[in-house]
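This report covers a metal site and a pair of packed helices. The sequence and the model come first.

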Amino acid sequence: MPHDDHIPALPDGADEILALLYHGEPVAKRGIADALHISAPTLNARLRLLEDAGLIVVAGHRQSTGGRRARTYTFNYRRRCAIGVTIRSTEIVCIAVGLDGTALDERHTTIAAHADAAFYGRAARIIDEFAEQVAAAGTPPLGVGLAVPRHINTASSLDYAAIGERITLPVTTTERYCAYAFAELRARPALRDAVCLFLGNHIGSAVLQGGLPHTGALEHMPLDPDGPRCECGGNGCLNVYCSSANLTEEGESLPGFFGVLEQGEVHHRDRMREWLRSLAQAIISIRAVFAADVLLCGPIAGFLDDAEIAQLDRLVAGHPAASRTAAGTGDDDAPPRIARGLCDVYQDAYGAAYAIVRDHLRELALLR
Ligand SMILES: [Zn+2]
């Protein structure tokens, strides 16, 4: 992605001002000079350069000691944004994300996805129009992030490269479950190592190592080699036991299932217990090699209550291979946790945009 026009060359010392303003509250000149030990003339010159580059803006005025109101400066979180896109079977969702990770704008377009050139052209136009609208509102996009599924079953899959080449802005593709993980990273900036499990019609996974998401294939971990056939061609995969079809009855929705479960219906409780046991078994296997937090994402995770998460914890903790702490992580000896993730429906669109924002912030040396 061409970044030359995005990031101007900064003089020595300007980056520390930028970092101070990015990570903190708006600060007046006096506060910046005190925090960074720089003289007023040097500070003035650097602030002017940062302001001219659009990297910082005047935030407002603060009452100062002499009774005069001092200008405060802040990082310009609206200098740029990124557009994230997810294409579902009947809609295209575009989300614009600012440099502070805030969703600035969002557009949902109802359209049936088809693997043909006409659809690719229409999809690209929908994305282009949204990008133009966001730019016109004063926040030019850095690029477009496409959340791309990599299902084993590719029979009905779209040619994302064909869509990408029709889009005007530079395009970055992020695998769908990695995009979920990027969104989790925004919500939990300290997260380094974790496994994200997407729980829905399919199971999906991403593995976070050192704060970077990688596509996983944990959904095809065999829980029972003699179990039912999976779409991957294997037998008894996690994907076979923990997709939503294992909870819901024929024609039942997830809210419907969890509503009946709440009333204590015995068959629903049995199915829930089996489902939790299968998921716990998978987490035990994951923990045997990778002592990391497990974040549960996707539509099913959104319905799990604290008691069910606690039950998962108990099932996993009872297993010696899975109850170890992360070795070599230093001061933190706490056992890894199982937690609900964000569970946002369009988390992949958001995450595909945030991946671009994160790259940009890294280039500005504002993020590790
Ligand atoms: Zn499988």
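A residue is called buried when its relative accessible area is under 20%, exposed when over 50%, and partly exposed in between. The model described here is predicted.

**Zinc site**

Four residues coordinate the zinc ion at 2.0 to 2.4 Å: His 220 through ND1, and Cys 230, Cys 232 and Cys 237 through SG. The angles among the four donor atoms run from 104 to 126°, and the site is tetrahedral. For four tetrahedral donors the ideal angle is 109.5 degrees. Along the sequence the donor residues follow the spacing H-x9-C-x1-C-x4-C. His 220 and Cys 232 are twelve residues apart, and both lie in the loop between strand E11 (212-215) and helix H7 (238-242).

His 220 has a relative accessibility of 19% and therefore counts as buried. Cys 232, at 30%, is partly exposed. Arg 277, which is placed in helix H9 (residues 266-289), is also given in the table, with its relative accessible area of 48%.

| Residue | Relative accessible area | Class |
|---|---|---|
| His 220 | 19% | buried |
| Cys 232 | 30% | partly exposed |
| Arg 277 | 48% | partly exposed |

**Helices H8 and H9**

Helix H8 (residues 254-262) packs against H9 at an angle of about 110°, and the axes are 8 Å apart. The two helices are therefore roughly perpendicular to each other. Their crossing is left-handed. H8 makes the contact with Phe 257, Phe 258, Val 260 and Leu 261, and H9 with His 268, Arg 269, Arg 271 and Met 272.

Technical notes:
Residues numbered from 1 in each chain as written. Predicted model: local features only at pLDDT ≥ 70, side-chain atom pairs only at ≥ 80, totals over all residues. Heavy atoms only, no water. Donors = N, O, S within 2.8 Å, 3.2 Å for Na, K, Ca; no water. Tetrahedral: all angles 85-135°; square planar, octahedral: opposite > 155°, others 65-115°. Helix = DSSP H or I, 4+ residues; strand = E, 2+ residues; numbered from the N terminus. Buried < 20%, exposed > 50% of the residue type's maximum accessible area, 1.4 Å probe, protein only. Axes fitted to C-alpha atoms, helices over the stretch in contact; angles between N-to-C directions. Parallel < 35°, antiparallel > 145°, perpendicular 65-115°, else oblique. Left-handed = near helix turned anticlockwise from the far one by under 90°. Contact = heavy atoms within 4.5 Å.
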